Amino acid sequence: MAVTLDAQLLEILACPAPDHAPLTPGTPGDPDADALTCTSCGRVYPVRDGIPVLLLDEATPPDDGGRDTDDQTSSDGA
């Protein structure tokens, strides 16, 4: 089920991490997921019973797939 938040609320919600970037509905892998994803850090916050849970402890860290590749490139180049 897709996140159904008021558009005005979605405009003012931001990631609670220090960069405070905007959030987008869904996840990168599933745009219809009950979650909000930070446009900067990539953390995924759950939406439970229509309420966004914007706690860093509840967030799912971003996938490190692309970052591992970059890190490996850096490690190989060093």
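This is a predicted model: local features need pLDDT of at least 70, side-chain atom pairs count only at pLDDT 80 or more; totals for chains, interfaces and linings use all residues.

Visitor: Which side chains meet in it?

Guide: R48 and E58, with 3.0 Å from N to O. The two are 10 residues apart and link distant parts of the chain: R48 belongs to strand β3, residues 44–48, while E58 is in the loop between β4 (51–52) and α2 (65–77).

Visitor: Is R48 buried, exposed or partly exposed? And what about E58?

Guide: R48 has 44% relative accessibility, so it counts as partly exposed. E58 is at 35% and therefore falls in the partly exposed class.

Visitor: OK, switching to the sheet. What's the strand order?

Guide: β1-β2-β3-β4, four strands in an open sheet with antiparallel pairing. β1 (23–25) and β4 are at the edges, and because each has a single partner strand, one side of each has no neighbour in the sheet.

Visitor: How many bridges are there between β1 and β2?

Guide: Three, and the pairing is antiparallel. P25 has L36 in β2 as its bridge partner.

Visitor: And between β2 and β3?

Guide: Three bridges there, in the antiparallel sense. A35, for instance, is partnered with P46 in β3. These two strands make a hairpin with five residues between them, and G42 in the turn has a positive phi of about 85°.

Visitor: What joins β3 to β4?

Guide: Two bridges, with the strands running antiparallel. R48, the arginine of the salt bridge, stands opposite I51 in β4. In this hairpin two residues lie between the strands, and D49 takes a positive phi near 55°.

Visitor: Why is β3 described as largely enclosed by the rest of the structure?

Guide: Because four of its five residues are buried.

Visitor: Now the packing. Which residues have the most contacts inside the largest nonpolar core?

Guide: L5, C15, L23, L36 and C38, in a core of 14 residues. The elements giving two or more residues to this core are β2 and β3.

Visitor: One more: T37. Where does it lie, and is it buried or exposed?

Guide: T37 is in strand β2. Its relative accessible area is 7%, under the 20% cut-off, so T37 is buried.

Visitor: What does the T37 side chain reach?

Guide: The backbone oxygen of G26, at 2.6 Å. Beyond its neighbours within four places in sequence, T37 is in contact with residues including P22, L23, T24, G42 and V44.

Key. Residues are numbered from 1 along each chain as its sequence is written. Side-chain values use heavy atoms; hydrogens and water are left out. A salt bridge is a side-chain nitrogen of Lys or Arg within 4 Å of a carboxyl oxygen of Asp or Glu. Buried means under 20% relative accessible area, exposed over 50%, partly exposed in between (1.4 Å probe, protein chains only). Two strands pair if DSSP finds at least two bridges between them. A nonpolar core is a set of buried Ala, Val, Leu, Ile, Met, Phe, Trp, Tyr and Cys residues joined through side-chain atoms within 4.5 Å. A polar contact is a pair of N or O atoms within 3.5 Å; within protein, one must be able to donate a hydrogen and the other to accept it, and residues adjacent in sequence count only if both atoms are side-chain atoms. Contact means heavy atoms within 4.5 Å.
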